[in-house]
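Thanks for asking me to look this one over.

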Amino acid sequence: VQLRASGGGLVQAGGSLRLSCAASGRSFGRYAIGWFRQAPGKEREFVIAISRDGTITNYADSVKGRFTIARDSAKNTAYLQMNSLKPEDTAVYYCAAGPVESSDEEIYDYWGQGTLVTVSS
């Protein structure tokens with residue numbers, strides 16, 4: 001499966017942004033979708049993930065209560081809704097597809113190209 005992340009941009013602190021992860025092919029429902037991010041000079045870290053059927057979500061503590069994830073099987077797309085954004089959320093955001101909604105990036109088999117989110121203070 002091929003993934004394409006989009007929706008990044010510049011937003012002020014406290015604002016919102018929605019990222020999309022569009023998947024090619026008809027196997028979208030076979031994969032859990034995860035979002036990871038990499039800030040300048042830092043390692044990539046887990047953000048949030050959703051199960052194959054959309055019933056289970058897994059969050060990093062840093063985004064609980066602010067970020068949500070959803071998926072639309074009809075559109076082969078997963079969404080990351082980011083609210084109450086903070087400057088420390090600035091990073092390149094990557095979506096990935098794998099067998100389970102894990103926080104471990106090694107689990108994921110397919111990766112999108114990343115989309116930059118910049119949060120100004």
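1. Some ground rules before the details. Two strands pair if DSSP finds at least two bridges between them, and strands (E, at least two residues) are DSSP runs, as are helices (H or I, at least four residues), all numbered from the N terminus. In that sense, Ile69 stands opposite Leu80 in β8. This is a predicted model, where local features need pLDDT of at least 70, side-chain atom pairs count only at pLDDT 80 or more, and totals for chains, interfaces and linings use all residues. Residues are numbered from 1 along each chain as its sequence is written, and side-chain values use heavy atoms, leaving out hydrogens and water.

2. Let's begin with the sheet. Four strands make an open sheet in the order β1-β3-β8-β7, with antiparallel pairing. Because β1 and β7 stand at the edges and each has a single partner strand, one side of each is left without a neighbour in the sheet. Neighbouring strands are turned by 15° against each other on average, direction ignored (axes are lines fitted to C-alpha atoms, for helices over the stretch in contact, and angles run from 0 to 180 degrees between N-to-C directions).

3. β8 deserves a look from both sides. Six bridges join β3 to β8, and Ala22 stands opposite Thr77 in β8. Five of the six residues of β8 are buried (under 20% relative accessible area; exposed is over 50%, and partly exposed lies in between, with a 1.4 Å probe and protein chains only), so β8 is largely enclosed by the rest of the structure.

4. Which residues of β7 are on its covered face, and which on the uncovered one? Phe67, Ile69 and Arg71 make up the covered face, while Thr68, Ala70 and Asp72 make up the uncovered one.

5. Now for the interior. A nonpolar core here is a set of buried Ala, Val, Leu, Ile, Met, Phe, Trp, Tyr and Cys residues joined through side-chain atoms within 4.5 Å. The largest such core has 34 residues, and those with the most contacts inside it are Trp35, Phe67, Leu80, Met82 and Tyr93. Elements that give two or more residues to this core include β4 (32-38), β5 (45-50), β7 (67-72) and β8 (77-82). In soluble globular proteins, nonpolar side chains tend to be buried together.

6. Not counting residues up to four places away in sequence, Phe67 touches a set of residues including Val47, Tyr59, Leu80, Met82 and Tyr93. Val47 is found in strand β5 and is buried, with a relative accessible area of 1%. The C-alpha atoms of Val47 and Tyr59 are separated by 6.2 Å, although the two are 12 residues apart along the chain.

7. If you plan to look at the cysteines, there is one disulfide (a pair of cysteine sulfur atoms within 2.5 Å) in the structure. Cys21 is joined to Cys95, with S to S at 2.2 Å. The torsion about this S-S bond is about 75°, so the disulfide is right-handed. Cys21 lies in strand β3 and Cys95 in strand β9, so the pair ties together parts that are 74 residues apart in sequence. Both Cys21 and Cys95 are buried.

8. Last, the aromatics. Rings of Phe, Tyr and Trp (its six-membered ring) pair if their centres lie within 6.5 Å; planes under 30 degrees apart count as stacked, over 60 as edge-to-face and the rest as tilted. The whole structure has five aromatic pairs. One of them, Phe36 with Phe46, is edge-to-face, at 5.6 Å centre to centre and 70° between the planes. Phe36 and Phe46 are both buried. Phe36 also forms an edge-to-face pair with Tyr108, at 5.3 Å centre to centre and 80° between the planes. Phe36 lies in strand β4 and Tyr108 in the loop between β9 and β10 (110-111), so this pair ties together parts that are 72 residues apart in sequence. Phe36, Phe46, Tyr108 and Trp111 form one aromatic cluster.

Technical notes:
Contact means heavy atoms within 4.5 Å.
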